[in-house]
Amino acid sequence: MLPDKDGPSAGGGGCQDGLGGGEHPSVTLFREYLRLRTVHPEPDYDAALRFLDRMAQELELPMKKVEVCPGRVVAIITWTGTNPALKSILLNSHTDVVPVFQESWKYDAFSAVKDSEGNIYGRGTQDMKSVTIQYIEAIRRLKSGGRRFARTVHLMFVPDEEVGGHKGMETFVKHPEFKALNIGFALDEGLANPGESFTVFYGERCPWWITIRCPGSPGHGSRFVENTAAEKLRRIIDSFLDFREKEKHRLNTSECLTLGDVTTVNMTMVKGGVAYNVIPAEMDVSFDMRIPPTVNLKAFEEQIQRWCSQAGEGITYQFAQKHDNQDVTCTEDSDPWWRTFSTTCKALNMSLQKEIFPAATDSRFIRAVGLPAIGFSPMNRTPILLHDHNEFLNEQVFLRGIQVYQELVPALANVPALPGEA
Ligand SMILES: [Zn+2]
């Protein structure tokens with residue numbers, strides 16, 4: 001059933017300044033959180049932790065803090081279920097946001113300005129401070145409504161997702177405190193959808209960052225020296241960028257493929273050379289590749305080896321990053337978690353679009369330890385503006401997202417004991 005109201009001042013005006021005056025208190029809280037400068041390269045994580053401490057007090061729930069690396073704290077608010085032996089539900093969000101180019105923004109990126117249409121501008125409105133507040137507000141409403149659920153629900157707030165998660169989720173999933181959470185199913189961030197549907201992500205592409213070293217005969221710039229680094233470099237670039245064209249064509253000519261279904265290749269760095277008239281002894285080129293879970297990684301690397309051997313003698317390569325975990329979360333109706341998630345959304349008249357996440361999120365670390373995770377940020381009718389200038393979210397879309405979690409959390413936390421559970 002759909003809740004028919006949001007709270008005391010549902011339907012409040014769209015153009016208030018946030019100091020009362022009819023603005024929904026959940027929106028006011030969201031705007032307050034947006035003003036915390038948890039922005040890289042020096043996120044104010046202390047401010048976020050003070051805010052979360054206050055949230056835990058308001059919710060009357062305990063909050064645990066685990067310092068996974070110096071200055072990097074994971075905070076967990078826990079609502080214990082009536083049968084805590086069952087596997088728990090994880091609602092994960094990261095507290096950090098990416099930097100801004102302020103001169104390209106309409107408004108200050110940390111003022112959380114709301115325009116006359118109810119669009120709230122700020123870094124993190126989509127990625128992913130909205131989801132953090134939606135989790136908190138959904139729990140607040142469920143709790144104040146006297147609800148209890150069988151399974152324990154953990155709200156987890158992690159640092160450093162935007163810089164790769166190494167000092168955040170990647171380290172925390174190996175921590176005994178993570179294991180102690182006894183997680184059965186996780187929700188984490190997704191992306192906005194400009195249409196009516198909501199996008200859900202059940203897997204991610206593997207990022208491979210590679211540098212190819214092309215050695216060659218050095219010499220004077222006035223001669224036709226044989227076997228130069230530049231000739232090899234050109235063949236390497238041709239092989240990678242020809243493949244890039246093929247994948248781009250595949251994406252653009254298929255109705256059913258999304259960015260997460262194809263391999264992207266981008267040449268991101270070139271190094272080499274000392275002077276105009278000196279043929280260098282080496283030239284290097286680097287590529288950022290993102291490989292979908294459907295690609296055989298072994299065969300793909302063999303292809304790279306062939307490109308190298310065909311380009312000339314002595315070419316070597318080195319990976320700066322090479323992820324090989326291709327686990328995806330089951331989205332078959334036979335899976336109790338997915339069935340519960342999808343039928344709850346269906347009951348709310350939401351249509352879901354299943355996709356592979358084109359970039360990387362903390363979900364990959366959760367999946368890598370064998371747990372199912374769905375990437376989902378309830379934002380439809382919203383342009384995808386994460387990491388972009390003028391990132392915004394409309395307050396009505398934001399408020400609707402709270403209602404979505406008000407239905408999802410009870411449904412997931414009441415999934416009956418599965419085989420092997422207490
Ligand atoms: Zn994010």
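Strand β8 (residues 206-215) and strand β13 pair in the antiparallel sense over six bridges, pairing being assigned where DSSP finds at least two bridges between two strands. Within this pair, Trp-209 stands opposite Gln-321 of β13. Helices (H or I, at least four residues) and strands (E, at least two) are DSSP runs, numbered from the N terminus. The structure is a predicted model, in which local features need pLDDT of at least 70 and side-chain atom pairs count only at pLDDT 80 or more, while totals for chains, interfaces and linings use all residues. Residues are numbered from 1 along each chain as its sequence is written.

Confidence is expressed as pLDDT, the predictor's confidence in each residue, from 0 to 100. The protein averages a pLDDT of 94, and 95% of the residues score at least 70. Over residues 1-20, by contrast, pLDDT stays under 50, and the model has 29 contacts beyond four places in sequence for this stretch; two residues are in contact if their C-beta atoms, placed from the backbone, lie within 7 Å. Where pLDDT is low, the predicted coordinates should not be read in detail.

The pair β8 and β13 belongs to an open sheet of four strands with the order β10-β12-β8-β13 and antiparallel pairing. Its edge strands are β10 (264-272) and β13 (316-322), each of which pairs on one side only. Neighbouring strands of this sheet are turned by 20° against each other on average, direction ignored. For such values, axes are lines fitted to C-alpha atoms, for helices over the stretch in contact, and angles run from 0 to 180 degrees between N-to-C directions. Helix α6 (residues 229-252) lies across β8, β10 and β12 (282-291), and runs at about 165° to β10.

The unreviewed UniProt entry annotates residues 204-312 as "domain: Peptidase M20 dimerisation". UniProt positions are given in the numbering used here, feature names are shortened, and annotations may be inferred rather than shown by experiment. The end C-alpha atoms of this span lie 34 Å apart, and the span is 36% helix and 31% strand. Helix α7 (residues 297-311) has 15 residues, which at 1.5 Å a residue should span 21 Å, in agreement with the 21 Å between its end C-alpha atoms; the expected span is 1.5 Å times one less than the number of residues. Gly-312 follows α7 and has a positive phi, near 140°.

A second sheet is described next. Eight strands form an open sheet of mixed pairing in the order β1-β2-β5-β3-β6-β15-β7-β14. Strands β1 (63-69) and β14 (352-357) stand at the edges with a single partner strand each, so one side of each is left without a neighbour in the sheet. The twist averages 25° from one strand to the next. Strands β1 and β2 run antiparallel and are joined by six bridges, with Val-66 opposite Val-74 in β2. Helix α2 (residues 45-59) packs on the sheet, touching β1, β2 and β5, and its direction makes about 10° with that of β2.

Strand β5 is joined to β2 (residues 72-79) by five bridges, the two running antiparallel, and Ile-76 stands opposite Met-156 in β5. Six bridges join β5 to β3 (residues 88-94) in a parallel arrangement, in which the bridge partner of Leu-90 is His-154. Six of the six residues of β5 (residues 153-158) are buried, so the strand is largely enclosed by the rest of the structure. A residue is termed buried if 20 or more other C-beta atoms lie within 10 Å of its own, exposed if 12 or fewer, and partly exposed in between, with C-beta atoms placed from the backbone. Both faces of β5 are covered, with Val-153, Leu-155 and Phe-157 buried on one side and His-154, Met-156 and Val-158 on the other.

The annotation "binding site" in the unreviewed UniProt entry covers His-94, Asp-127 and Glu-189. These residues span 96 residues in sequence, yet no two of their C-alpha atoms are more than 8.6 Å apart, so they gather at one spot. His-94 is found in strand β3 and counts as buried, with 27 C-beta neighbours inside 10 Å. Not counting residues up to four places away in sequence, His-94 touches Met-128, Val-158, Glu-161 and Asp-362. Glu-189 is found in the loop between β6 (183-188) and β7 (198-204) and is likewise buried, with 23 other C-beta atoms within 10 Å. With residues up to four places away in sequence not counted, the contacts of Glu-189 include Asp-127, Met-128 and Gly-375.
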